[in-house]
2 protein chains.
Amino acid sequence: MADFSALVRHADKTIQVPRGQVVFSEGDSARVLYAVKRGRVQVSIDGQVVEEIVEGGVFGEMSLIDERSRSATATAVDDTELVPVDREQFDRIVQLNPFLARSFMRLLADRLSAMNERLRSSPQT
Amino acid sequence: MADFSALVRHADKTIQVPRGQVVFSEGDSARVLYAVKRGRVQVSIDGQVVEEIVEGGVFGEMSLIDERSRSATATAVDDTELVPVDREQFDRIVQLNPFLARSFMRLLADRLSAMNERLRSSPQT
């Protein structure tokens, strides 16, 4: 797992999300990605959990490259502290930590490939 | 189409590839991506052309994040001038042009999604 702690280190602000609260829902407009500073977040699609993000992980990264709305729902499963990162902040942080560019490319490739596996193995409806 | 001309601007060196010559073949070890400075390159998988890369475009970008061998064959279809970029050079160029990180994420998402479409629509053999 790539290390995204640089995102947390350069955070301007954090958001407290109590256990059980939804961070965003499928269909919401998407403008920021989130890094998990503390706690745990479950990502689900159509009610099915597809990933669990813990401290040091990120989610919502498609918002950096795509104007479309959220394709999944994210819910805090512990009391959680998140760092929201928009495009401008992302560019600024990548400039200070250029290795993050490749980490994000790898993350994207891994998640897209996992999503594809699920699509292929799920029954057609 | 994202603009990758910054890769060309910061090039240490270029490679001349005559029309018809193979740049790399499926199964070759992968250490650099290529930006097209001049000319045209066809990318093919199992003998089928899947993409054509022109001036300002890039190919072989999976080498930045994945140690596996080339998954496609690249052939110059015009007399072509290429800029090879390895990981160290990529990090250095991204530091100078942080917007490139998001351009590469978008490129990766687009290509992986196109590859999935092909896999899904192709007859099972």
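Helix axes are lines fitted to C-alpha atoms over the stretch in contact, and the angles between their N-to-C directions run from 0 to 180 degrees. In this predicted model, helix α3 (residues 99-121) of chain A and helix α3 (residues 99-121) of chain B pack at an angle of about 20°, with their axes 10 Å apart. This makes α3(A) roughly parallel to α3(B), where angles under 35 degrees count as roughly parallel, over 145 as roughly antiparallel, 65 to 115 as roughly perpendicular and the rest as oblique. Helices (H or I, at least four residues) are DSSP runs numbered from the N terminus.

**Basis of the description**
- The model is predicted, with local features needing pLDDT of at least 70 and side-chain atom pairs pLDDT 80 or more, while totals for chains, interfaces and linings use all residues.
- Residues are numbered from 1 along each chain, chains are lettered from A in the order in which they are written, and side-chain values use heavy atoms, without hydrogens and water.

**The α3(A) and α3(B) pair**
- The crossing of these two helices, α3(A) and α3(B), is right-handed, meaning that the near helix is turned clockwise from the far one by less than a right angle.
- Residues of α3(A) in this contact (heavy atoms within 4.5 Å) include F104(A), L108(A) and L112(A), and those of α3(B) include F104(B), L108(B) and L112(B).
- The residues of the contact of α3(A) with α3(B) comprise 14 nonpolar, two polar and two charged; Ala, Val, Leu, Ile, Met, Phe, Trp, Tyr, Cys and Pro count as nonpolar, Asp, Glu, Lys and Arg as charged, and the others, Gly among them, as polar.

- Helix α2 (residues 87-96) of chain A packs with α3(B) at an angle of about 110°, with their axes 8 Å apart.
- As a result, α2(A) is roughly perpendicular to α3(B).
- R87(A), F90(A), D91(A) and V94(A) of α2(A) make this contact with F99(B), A101(B), R102(B) and M105(B) of α3(B).
- Five nonpolar, no polar and three charged residues form the contact of α2(A) with α3(B).
- For α3(A) and α2(B), the angle is about 110° and the axes are 8 Å apart.

**The interface as a whole**
- In total, 22 residues of chain A are in contact with 22 residues of chain B.
- About 2,100 Å² is buried between chain A and chain B, with carbon and sulfur atoms giving 66%; buried area is the accessible area (1.4 Å probe) that two parts lose on being put together, summed over both.
- On the chain A side, I65(A), R102(A) and M105(A) lose the most area to chain B, together 32% of what that side buries.

**Salt bridges**
- The interface of chain A and chain B holds two salt bridges, each a side-chain nitrogen of Lys or Arg within 4 Å of a carboxyl oxygen of Asp or Glu.
- D91(B) and R102(A) meet through their side chains in a salt bridge (2.7 Å, N to O).
- Over all chains, the whole structure has 16 salt bridges.
- D91(B) lies in helix α2 (residues 87-96) of chain B and R102(A) in helix α3 of chain A, so this pair joins two chains.
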